Amino acid sequence: MQKDTLLGLFKNRNYAHLFGAQLLSQIGSVTGLTAFAFYMLDKFSTHPANAALVRGVLDPAQMPAAMGMNQMLMSAFVLLGTGLGAVSYWHSGILGSVAIDMVSFVISAVLIMRCNIPQEVRQPNGPASWRQLKLKQVGQDFVSGLRYVRHHSIVLSLLAGILILGLANGGGSVMYLFSLKYKLAPDTYESLQVGMTAVLGAGMLLGSIVSVRLARKIPLYGMIIASFFLGAFTHLLQAMASDTVTFMALYLLYALSIPLCNVAFFGWLAQVTEARMMGRVQALIQPIMMLTFTAMQAWIAYAFPVHMSVESIFYVVGAAELALGVYYLLVLPPLARKRAEQTAKKAA
């Protein structure tokens, strides 16, 4: 059996332990947080280390499959997480749910401790002690990550697109609820929002399975480009949707595009990034995205509803995704061919 298949991943004991730890940690988080939300309603109502470790214990060819497993895991919890937390709260109460949360993290820690991971992966800077962990050292590591990205064209291009993606995510975080509340279903938007969560989870789960298969058949950059064109297409159509059935169907289509992007994006990023630098590169993604994410949120808070409509948010998000798809279409294929040529020369 090939190593890049899903079953092949779990023949690697280190990855099996890390995946088990992530699974249990997610179970604990969802159970505890959801139960706490129910508790508050009852009372008051009237990944950079993980990415670096996984990159260190798997071959580069296995990374897309590993990203697919992560997407399946996250999709399952999007689909079932709220129900899992609710059942825990109803049967065990808040204390029982928090206890489940605690136990899951303890077991996760034990599984991680059982991994046999090389020191160069665990400590890419060499042996260190807690006394050496100072703000200056953290800043130096952050800067070294920036320098690495600047000198590696594929990594730089992928992360540059994160700025545009931040705009799309900033609008996407509010536009679905806005559309239901102010346009499509003002009286039933709360119950429909729960239904949207189920649609999102189901779409992402199906998309994760499809994405793992596609990653073996087509170039990863092709999947990235296709995902943003698909996202742009669905969001532009959602802006014009006049009924909830059409809106939900398009939302399901968009949910399919999410793992298509994530599996290919993070799988390829892991393939082209040195194992010792993976944690630092991964740590740059969230700060970069939050720059434009926050800017988009601030703009919506200022402009809605006086200076902009619900539909205009969808148009802006769709345009951002379309621009990102075009940018990656122009930039990534030539870089991929150049890297393939360099790899062939080294092999020769």
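Glu311 sits in helix α12 and Lys183 in helix α7, so the pair ties together parts 128 residues apart in sequence.

A note on my source: this is a predicted model, where local features need pLDDT of at least 70, side-chain atom pairs count only at pLDDT 80 or more, and totals for chains, interfaces and linings use all residues. Residues are numbered from 1 along each chain as its sequence is written, and side-chain values use heavy atoms, with hydrogens and water left out.

Next I checked accessibility (buried is under 20% relative accessible area, exposed over 50%, partly exposed in between; 1.4 Å probe, protein chains only). Glu311 is partly exposed at 25%, and Lys183 is partly exposed at 30%.

Then I turned to the nonpolar cores, meaning sets of buried Ala, Val, Leu, Ile, Met, Phe, Trp, Tyr and Cys residues joined through side-chain atoms within 4.5 Å. The largest has 34 residues, and Leu158, Phe265 and Trp268 are among those with the most contacts inside it. Helices (DSSP runs of H or I, at least four residues, numbered from the N terminus) α6, α7, α9, α10, α11 and α12 each supply at least two residues of this core. Its largest share, eight residues, comes from α10.

I also found a second, separate core of 29 residues, including Tyr189 and Met248.
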